Structure formats: C-alpha cells, structure tokens
Amino acid sequence: MTGRFGRARKPGAGTVDVVVIGAGHSGLAVSHYLAARSIDHVVLERGEVANSWRRERWDSLRLLTPNWLSTLPGYGYSGADPDGYMSMDEVIGFISGYARSLGAPVRTGTTVKSVAAAAGGYRVQTDQGTWHSRAVVIATGACNLPVIPAVAQALPKDIAQLTPANYRNPGQLAPGGVLVVGASATGVQLAAEFRRAGHPVTIAVGEHVRMPRVYRGRDIQWCMQAAGILDQRYDEVDDLGRARRVPSPQLVGSRGKQFMDLNALSSDGVRLAGRLAGIRERKAQFSGSLSNVCALADLKMGRLLTAIDDRVDTYDQEGGLGPPERFEPTRVPQPPLLSLDLREIRTVVWATGYRPDWSWLEVPVLDRKGWIRHDGGVADAPGLYVTGLPFLRRRKSSFIHGAEDDARDLCDHLFGWLGALARRRSASMAVVQGRIQMSG
C-alpha cells in the first residue's frame, strides 16, 4: 500500500502519513477528510470508539444540543425525535455508526505512551508497537482529567468525594446531604438529580453562564445558530483566552425543555451558596460574592438575548418566532450562606471542570499551564495538530456539530503542509541525483 504522498507502507510496518490520536467524534471527522484526500492514516484509540462517552459519563446525561443539530461530515441524526436530546447510549451509537460508515482505520485498545519528533516527522509509541508518521493530529479532547481544587484536601476523611468522571447515578451516594461545587451545566444537572433522589443539596456557585433552554418558541441553540453566534471564529474575538475559558451554559437536555437555572434549583429546595473559599474546623466557608456573580450572569444573558433579537428576525423567513422575552433575575438568598457545618454533608461532588492529559507528549509545545500552544489547532511544531478543544476555531467547537468545520480547516492545512514537505523532498532528491550524475 502506498500513501498519498508516496511513502510505501508495508503491512504491519507502522508507517503512515498521519497518525490521529483519539476515535471520538473529532478524530473521526479528521479521518473523514483525510480519507477524502487519499491520505494514508491510522486512528489510535486507547479503548473503544467513543470511549469517553462509554466510560466517563453519568447514566442520565444527555447532550445539550438537539438531535437535529448532531451532524458530522457526511452523517447526521436519522432517528424519530429530531427535537429531542441524545442519551449516552444514543451518543455512543451515533458515533460508532459514524465510524462504521467511514470504514475508518481505527486501532482500538491501543494506548499512546509517547509522541516525539523523529527523522521525517514523529514517532508514536503505543502499548501495541510504534508508528512513524509525517504528521500527528491529537484528538483526545479537553475533558481527560477532572479538576479538583486544592481545598479538597481539607475535607474530613469521612466525607465521600466524587467527580463527574466517576459518578454514575444517585445509588452511589450515602444517605444525607450533598455539596455540589460548581454551577455550570454539569453542576446544575447533578444538583437537580440529587435533589430528585431525596438528598438535601447545597450548590457552591462561581462564575456561570445562564441561558434559557427555549427562547421565542425555539431551542436556544437554533437561535444562536440563526444569529451566527455559534459560527463566530477564533480570530474574531478580542480576548480568545477568556472565550476559551467560558463555562458551559446552564442547560439540560430533557423532554420538558426546562429552564434549568439557579432559580429552578432553589424552587426545588436546593440551597445556594457562593464560591467555596475554604474549609476549616469541619465548616465550609463560602464567598460573599454570590449576588454579584448572579447579577453578572443575568446581565450577560440579557446581552445574548439582545444580540439574538437583533439578528434572528432576518433569518426567520416563515415568521414562526415568538416575541422577544426577558426573564426574572436570579433570586439570591438573603442573608447569604457564608458557612456550612460539614456534619450535614456526606458527599461532595466536584463539578469544577476538566483539563486535558498530554503527559505523553514529548514535543515542546506546552505552555506554562500545560496547554498546547496552537493557532486554531495548528500546533507550535511542524506537522502537529490538535482538535476537539473549546473554541478551537469557532464558538461551536465544543459541540459535536462543530467538529466538521474544524476538521475540514485543519485537514486543508495539513494537506498543504504534506504537499510542501513532499516538494522539498523531491527537490532535495533531484539535487542529490544531479550531483551523482556529475560525479559519474
């Protein structure tokens, strides 16, 4: 077999033009575009296709995007509930079906141990052997390791600690109170689930994004897409670093399309507190900034809805949108809860985000915070790419449907880079041959 750029590939030799690391939706989207260009490649996956969805998500989780928006290059949702939200089993089936439809060259059960620069490209060492390639695309995503703040070390030993990566269902929780730390999409969903299961719940609230599930009669994701917000490019924002750190919005994918915000939680009996500031003498201490944090979230939601109103009416050709809406401000308890006796708490759940795990990457492209230095996915090393990160190239990069445009752009760049590399090699060979002929 011969790769697109002329390198002979012997069966089992482990030499390809491109190694893609990760067989989730982002890695498979890259595989689609590489195959379309006849670029010889392999997709390495430590577990199974869609492994993180299989192994690192809780049972009741549903996508935040409606099914009709779940698309990948040449593939889309074909079920009977386009306005619903996929369960975890459905997501796994969707991504696995995509891999089958591609006939993607996936090597499952293959854990990457290291990636290092080598002559002519990169050496990718795995527990199943070593691959050599001219380019590498890292598609392992940003949600590999849960972030647990240092304050967790001060918790009493008799309080159980969970993260969204190892939580599955309320049956894991001991009877009694639960403290959820973090109020983005994960935090509010889990707080609601624990409350429905009968637990007294307190949620520690930091910076968050408040967003209605339905606006003017349409799913908020439809509104944001129609307004062009989801397609905003990474080179069009003033503070890209901050844009990439924005928490996930307080949304839940449910049949009832509920507005899952702090007001909904407090109405169900969840107790609101500010950011967890410390733990001392079996007491949790909370910041007194809850009012300010909630007021800022309300202000930003108002700005978002105004931006939608300014743009979406021209998109609504059928006139099916309802009138503009505004929502009740977040109700903040008075006086604020500043401390909590931890004798009331049996479980703490750290819904404080994730970080990537690139400990195996031996190419000097990591910044001081451990993130890959890149320009829209083109890493700071020749032939190295990364995808599947928040706001990689567009605001929609975090969603399944965002992988298509990102993968196409990166593969266009990769194709050009491989072509330039091949031309340089050909020129060098011609020079060498000319010298040989002259010496002869």
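Leu 44 stands opposite Arg 107 in E5, where strand E5 (residues 106–107) pairs with E2 in the parallel sense over two bridges; two strands pair here if DSSP finds at least two bridges between them. Strands (E, at least two residues) and helices (H or I, at least four) are DSSP runs, numbered from the N terminus. This is a predicted model, in which local features need pLDDT of at least 70 and side-chain atom pairs count only at pLDDT 80 or more, while totals for chains, interfaces and linings use all residues. Residues are numbered from 1 along each chain as its sequence is written, and side-chain values use heavy atoms, with hydrogens and water left out.

Strand E2 (residues 41–44) is covered on both faces, with His 41 and Val 43 buried on one side and Val 42 and Leu 44 buried on the other, buried meaning under 20% relative accessible area with a 1.4 Å probe and protein chains only. E2 also pairs with strand E1 (residues 15–21), in the parallel sense and over four bridges, and here Val 18 stands opposite His 41. The chain passes from E1 through H1 to E2 in a right-handed β-α-β crossover, that is, with the strands pointing away from the viewer, the path from the first strand over the helix to the second runs clockwise.

Helix H1 (residues 25–36) has 12 residues and reaches 17 Å from its first C-alpha to its last, close to the 16 Å expected at 1.5 Å a residue, the expected span being 1.5 Å times one less than the number of residues. Nine of its 12 residues are buried, so H1 is largely enclosed by the rest of the structure; among the buried residues are His 25, Leu 28, Val 30, Tyr 33 and Leu 34. Just after H1, Ser 38 takes a positive phi of about 60°.

How values were computed. Buried means under 20% relative accessible area, exposed over 50%, partly exposed in between (1.4 Å probe, protein chains only).
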